[in-house]
Amino acid sequence: MNRTSLFGFAPLLASALWGGMYVVSKWGFDAIPPLTLAFLRIVLGAAALGVVVAATTPRRAFDREEWRRFGGLAVWLTAALTTQFVGTDLTNASQGSVLTVLTPVFILALGVAVLGERLSRRSLVGSTLAVFGTLGVLAGRGLDGIATNIDPVGVALLVLSSFFFAGFTVYGKPVIRRYSALEAVTYATILSVPLFGLFVPFELATRDVSLLAVDLTPAVVGAVLYLGVASTAAAWYFWYKGMEYTDASHVAVFFFAQPVVGTLLGVAFLGEQVDVGFVVGGVVLAVGVYLVSTDSPA
């Protein structure tokens with residue numbers, strides 16, 4: 001496998017790390033309010049990425065226009081995570097898992113509309129199979145809470161989150177071409193820190209919560225570290241790294257692997273069970289991912 005093909009699969013690692021959040025959430029990071037948790041995640045992610053950039057990338061000065069590009073990505077990030085965390089807090093894991101499928105769909109649409117990418121018949125068929133395969137996987141997890149206790153605000157926020165993350169993906173492509181995946185994701189994350197910080201005092205005040213009162217158990221600390229270092233710094237870098245070597249439409253399909261990884265980790269560590277729907281859905285999903293990932297970008 002050549003270098004281009006190898007790094008083209010980097011987003012699969014990102015999806016695997018995001019899938020791990022399903023298990024991590026079971027270990028108890030619900031003790032921290034959603035926007036405050038998002039802020040802690042971003043701070044840790046920005047710190048980790050900043051250390052890597054400082055150690056591996058020559059220092060260079062960016063002009064106002066260049067910082068504007070990084071700032072635009074920071075806005076997309078802030079919008080994606082704030083709506084995701086609040087939306088998840090208002091809904092349940094079942095509804096969130098299903099709505100996650102919208103993210104790659106939005107990426108495909110924006111890739112065509114914004115970047116002028118051409119979606120071949122092979123990629124279109126593969127993406128369609130991936131959607132239905134993912135729904136089969138989720139059904140195989142026994143997500144019986146999908147249609148119960150629906151909060152329309154929470155659902156709307158999760159839909160918006162999917163769109164905003166798609167924007168972060170697609171609008172990041174020109175920045176990655178100009179600089180690199182590492183620099184693009186690092187400076188976007190660093191600039192998003194003060195944006196997230198604006199929400200924290202308001203949230204803590206309205207919820208009458210003090211961070212000093214949070215029970216920092218090993219599970220909570222481990223969950224926050226995983227969110228910041230693994231599912232933010234590492235995962236966002238891997239996601240953008242794939243964009244250096246292939247189109248957004250090809251990167252999008254790897255997002256579908258997230259619920260598969262989450263389910264397999266749930267089986268391995270939480271003793272959960274799956275039925276035949278998971279297996280069938282997984283096979284269909286794998287075929288769809290194969291078709292898209294082996295298609296030559298137009």
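Is glutamate 65 buried, partly exposed or exposed? Glutamate 65 counts as partly exposed, at 34% relative accessibility; here buried means under 20% relative accessible area, exposed over 50%, and partly exposed in between, with a 1.4 Å probe and protein chains only. This is a predicted model, in which local features need pLDDT of at least 70 and side-chain atom pairs count only at pLDDT 80 or more, while totals for chains, interfaces and linings use all residues. Residues are numbered from 1 along each chain as its sequence is written, and side-chain values use heavy atoms, leaving out hydrogens and water.

**Salt bridges overall**
- The whole structure holds 3 salt bridges, each a side-chain nitrogen of Lys or Arg within 4 Å of a carboxyl oxygen of Asp or Glu.

**A link between distant parts of the chain**
- Arginine 60 pairs with glutamate 183, with their closest N and O atoms 2.5 Å apart.
- These partners are 123 residues apart: arginine 60 sits in the loop between helix H3 (34-56) and helix H4 (64-90), and glutamate 183 in helix H10 (residues 181-197); helices (H or I, at least four residues) are DSSP runs numbered from the N terminus.
- Arginine 60 is partly exposed at 44%, whereas glutamate 183 is buried at 5%.

**Pairs within a helix**
- In helix H4, arginine 68 and glutamate 65 are 3 residues apart, about one helical turn, and their side chains form a salt bridge at 2.5 Å, N to O.
- Arginine 68 is exposed, at 52%.
- Glutamate 244 and lysine 241, whose closest N and O atoms are 3.0 Å apart, both belong to helix H12 (residues 218-245).
- Lysine 241 is buried at 11%, and glutamate 244 is partly exposed at 28%.

Terms used
Helix = DSSP H or I, 4+ residues; strand = E, 2+ residues; numbered from the N terminus.
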